[in-house]
Amino acid sequence: MRELEYGKIGLRIRQARKAKGWSQGEMAQICGISMSFLGHIERGTRVMSMDTFAAICEALGAKADELLWGVPEPTEASLSGMWGQAGANGAGNDNYMIYTKIMKSVAEIMNGP
């Protein structure tokens, strides 16, 4: 089992917060925690509860894997963009579905234990 790297988790949380244009105070208020505690989380100097982590994921619209391990799950839209218009307009839909399953399997292997 991989060990959690709280400094990296905090950095990913900070990057996602800044991408939304939020201050630490704004995000802390949304998550129901103090700004000081959020600062510690972002620096990796304090460990948060599962409830706090879930609140952060929900506020940022991020999946847990993305914040914990830094690997975003590809969306159907991004896979469609990589494939071209085949999946979007129905042409080659079978090939698109196979391609999507392969890419998801590869992502799962890369994120493995």
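Me: Helices (H or I, at least four residues) and strands (E, at least two) are DSSP runs, numbered from the N terminus. How many helices does the protein have?

Reply: This is a predicted model: local features need pLDDT of at least 70, side-chain atom pairs count only at pLDDT 80 or more, and totals for chains, interfaces and linings use all residues. Residues are numbered from 1 along each chain as its sequence is written, and side-chain values use heavy atoms, with hydrogens and water left out. From the N terminus on, the elements run α-α-α-α-α-α-α-α. The strand count is 0 and the helix count is 8.

Me: What percentage of the 113 residues counts as buried?

Reply: Buried means under 20% relative accessible area, exposed over 50%, and partly exposed in between (1.4 Å probe, protein chains only). Of the 113 residues, the buried share is 25%.

Me: Which residue has its backbone oxygen 2.8 Å from a polar atom of the R12 side chain?

Reply: Start with the contacts of R12 (heavy atoms within 4.5 Å), leaving aside neighbours within four places in sequence. They are E66, L67, L68, W69 and G70. The backbone oxygen at 2.8 Å belongs to L67.

Me: Is A28 buried or exposed?

Reply: A28 is part of helix α2, residues 24-31. Beyond four places in sequence, A28 contacts I33, S34, M35 and L38. The C-alpha atoms of A28 and L38 are 6.2 Å apart, though the two residues are 10 positions apart along the chain. Relative accessibility is 3%, so A28 is buried.

Me: Which elements do the buried residues of α3 pack against?

Reply: Helix α3 covers residues 35-43, and its buried residues are F37, L38, G39, I41 and E42. T52, in α4, touches F37 and I41, along with I33. T52 is itself buried, because its relative accessible area is 12%. The packing partners of α3 are α1, α2 and α4.

Me: Which residue follows α3 with a positive phi?

Reply: The phi angle in question is near 75°. The residue is G44.

Me: How many salt bridges does a search of the whole structure find?

Reply: E5 and K8 form one, at 3.3 Å from N to O. E42 forms one with R14, where the closest N and O atoms are 3.3 Å apart. R17 also pairs with E42, at 2.6 Å. The total is 3.

Me: What is the relative accessibility of K8?

Reply: K8 meets E5 in a salt bridge. E5 is partly exposed, with a relative accessible area of 45%. K8 also counts as partly exposed, at 45%.

Note on methods
Polar contact = N/O pair within 3.5 Å; in protein donor to acceptor, adjacent residues only side chain to side chain. Salt bridge = Lys/Arg side-chain N within 4 Å of Asp/Glu carboxyl O.
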